[in-house]
Amino acid sequence: MDFGLSDDQRDIQRTARDLLGERATFARVRATIESHPPPGSSDEALWRELCELGWPGIAIAEQYGGQGLGTIELSILCEELGRTVAPVPFLASAMAACVIEQAGSQEQRERWLPGLASGETIGALASASDGTAELVIGGAQAGVIVLVEDDGSGRVLSAEQAEVTPFAAIDPTRSAARVSAPDGAGEALEDGCPGLGRALVAVSAELVGVSERALEMTVEYVKDRKQFGTPVGAYQAVSHRCAQMLLDTEKARSATAQAAWSADANPDGLAEAAAMAKAAASDAGREVTQGAIQMHGGIGFTWEADVHWLYKRAQIDSALLGGAGRHRARLAQILAERVAASATA
Amino acid sequence: MDLTFSDQELAFRDELRAWLADNQPGEKPSADAGDDAQFAWRRDWQRRLYDGGWAAPAWPREYGGRGSSQSESAIYFEELGRARAPFAANTLGLLLGGPTLMVWGTDEQKERYLPPILSGEEIWCQGFSEPDAGSDLASLKTKAVKDGEDWLVTGQKVWTSGAQYAKWCMLVARTDSEVAKHKGLTYFLMDMDQEQVQVRPLRQITGEAEFNELFIEQARIPDANVVGGVGNGWKVALTTLMNERAGLGFALQIRLRQLLDDVIAAAAERGLLENALYADAIAELHIRCETIRLLAWKGLTDAERYGQPGPEGSLVKWLWSDTNQRATQLAADVIGPEALTSGTGWSYELMRSRGNTIEGGTTEVLKNIVAERVLGLPRLKVAA
């Protein structure tokens, strides 16, 4: 067994971290938000640069203009973007592309994927209930929207075919909208929406990045902040909370790594792995960012400190495509089916 | 990234599975049969492993093992767990004593002690913790004083499992009270067959006595039984402690998985999988079970492949112990009063699991280790 990344994958990770470390600092994120009031800010220059580097198409097949790499490479970029909460619509487009590529007809793929790969078209993917999705990240800018119902059926629509109502979500680094698709609007996708597993891996990876950054900031802060003549990180109430944050993050990380690997190498295991990843990563995102605010004390509760951007991103991501509870319910179903199958075996 | 086993590892696993299929451990003796029956079962099992060449695959060939890789060793423990085999009677010798001697022992010591560890002829126990020295092991007080060619040892040890059957005790004692506490310790091999060592069973909350207290009154240890040199006991003890978790952990994880599968089956029988609360709790335990395994393998293979140990080592025991407690508690809800009835397997697992967060490093200490050594947080200086 080998949990390590290949040399090429490490290069992608290092390049991404260096680039975003320069171009998506918290100061730049804040400047973007302040100069682009809600709903939803975007660092246009950064997005253009990422498009030129081929990021949006990283896991889209080369025949559609993508780079033809895999889910692991996609999850690496998602994790780096999560670390920085960069104000770009990468995740939204990547998730839409995951489903269109595997659940779309040849014609649908040819129509939508090249634009998603180049970044010319922004995509969005969301869970819908009877044709209405209450939280669609990227919805306001999207040219193509994919809606997935609970029963596994899915539709792809152009923006014009849907009723898109932007709203200001608590996370201003991305646009949000309510999307309603009238009966019969858009085109059906393959039942069961293959590709959804990969989309879940993408958002889970972003949550791992958010959690990891929140923990890093927290550790740095509690080493530095002194009260009663000592760094507060020396108190066990603080250090034990940090240890718990690490455990939560590593639990999410390994579940997400397994899901990313499964997407490319063990498709039969993906449904279960993706549900585990999304559940673990959603819980971690919330718990770790809440812990980060708490461990920063009063400062953590201010707009001026940077912790809250991570908290808000985690809140949104943990709700996308179903929260932890929904995915645990899905897992329980899988386990129940397994018991039933072995009973009849 | 590749989360499959290599061809070599699969061949190893399949060879062992085939052997286990032909050499089933048999039924665990019931609790009524008593401790001796349990131990006899484990001793017989070790004999069969030994005869089959499977007692300690991780040992180098020159000492009777197969020179297996760490991954193969982990597979070995997973498969034994899967076969619901007991831990071999001399597990402490096989996993702790033997490997400690391989690092710190003289050639004479290795020649004398390793073969009977492997065969199970000489059972080993561990004399580390004391009533006043648990988490703060370095503060231990058992004292060894030089007397001619021998050492005379006096003191008290606690939590010594298997002492009533043991021939040799890995004993850490204080040989120098003038220096810093962890610098004045020496690691001995103490012969348990002497009147000066009294073994008293330590009854635990489950009713039986896995562990013992040792009352040592001027026990005699020849100088040749010092391991690693006088005053070097702390370092030698750390080698022992490091091995404590490594192998057993993989078997314990599989046992947790089996327990969870039994809970799921029981829940299914009672229609509880359709109950949202039970479904949610079971799914969360499943996630934890799977991630424990992933973290354990990640920790092992990252260390093997990249040399650097990551955070996983400390995290795995913590997560496993907490999860096992949750699983046995949920089992009580699913099973009902049978899990609260004396003498049942479920009630045993429920009560025994309380020890998981204490033995082998309390969760509180593990969190300190994670905070200090992984996250680099400072330690609070407590005024003496």
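Predicted model: local features only at pLDDT ≥ 70, side-chain atom pairs only at ≥ 80, totals over all residues.
Chain A first, and its sheet. Four strands make up an open sheet in the order E1-E3-E4-E7 (chain A), and the pairing is mixed. At the edges sit strand E1 (123-128) and strand E7 (187-188) of chain A, each of which pairs on one side only. The link between strand E4 (residues 154-158) of chain A and E7(A) is antiparallel and rests on two bridges; here A:Val156 stands opposite A:Glu187. Helix H5 (residues 90-103) of chain A lies across E1, strand E3 (144-149) and E4 of chain A. Relative to E1(A), H5(A) runs at about 75°.

A:Cys193 is not a glycine, yet its phi is positive, at about 45°. This cysteine is found in the loop between E7 and helix H7 (196-224) of chain A. A:Cys193 counts as buried because 23 other C-beta atoms lie within 10 Å, the cut-off being 20 or more.

Elsewhere in chain A, helix H4 (residues 71-84) is mostly covered, with 14 of its 14 residues buried. From first C-alpha to last, H4(A) reaches 20 Å, close to the 20 Å expected at 1.5 Å a residue.

Over in chain B, the strand to look at is E4 (residues 168-174). Seven of its seven residues are buried, so E4(B) is largely enclosed by the rest of the structure. In a regular strand the side chains alternate between the two faces of the sheet. In E4(B), B:Trp168, B:Met170, B:Val172 and B:Arg174 point one way, while B:Cys169, B:Leu171 and B:Ala173 point the other way, and all are buried.

E4(B) has pairing partners that run in opposite senses. Strand E1 (residues 124-127) of chain B pairs with E4(B) in the parallel sense, over four bridges, and in this pairing B:Cys125 stands opposite B:Cys169. Strand E5 (residues 185-191) of chain B runs antiparallel to E4(B), joined by seven bridges, with B:Trp168 opposite B:Asp191.

B:Trp159, a residue other than glycine, has a phi near 65°, and its place is in the loop between strand E3 (150-157) and E4 of chain B. With 22 other C-beta atoms within 10 Å, B:Trp159 is buried.

Helix packing in chain B is illustrated by helix H1 (residues 7-22) and helix H3 (residues 70-82), whose axes are 10 Å apart and meet at an angle of about 30°. That angle makes H1(B) roughly parallel to H3(B), and the crossing is right-handed. On the H1(B) side, B:Glu9, B:Phe12, B:Arg13, B:Leu16, B:Arg17 and B:Leu20 take part. From H3(B), they meet B:Ser71, B:Glu72, B:Ile75, B:Tyr76 and B:Glu79.

Finally, the two chains touch each other. The contact brings together 39 residues of chain B and 38 residues of chain A. On the chain B side, the elements that give two or more residues are helix H6 (233-269), helix H7 (276-306), helix H8 (312-335) and helix H10 (363-374). H7(B) provides the largest share of that side, with 17 residues.

How values were computed
Residues numbered from 1 in each chain as written. Chains lettered and ligands numbered in written order. Pairing = 2+ DSSP bridges. Contact = placed C-beta atoms within 7 Å. Axes fitted to C-alpha atoms, helices over the stretch in contact; angles between N-to-C directions. Buried ≥ 20, exposed ≤ 12 C-beta atoms within 10 Å, placed from the backbone. Expected span 1.5 Å × (residues − 1). Parallel < 35°, antiparallel > 145°, perpendicular 65-115°, else oblique. Left-handed = near helix turned anticlockwise from the far one by under 90°.
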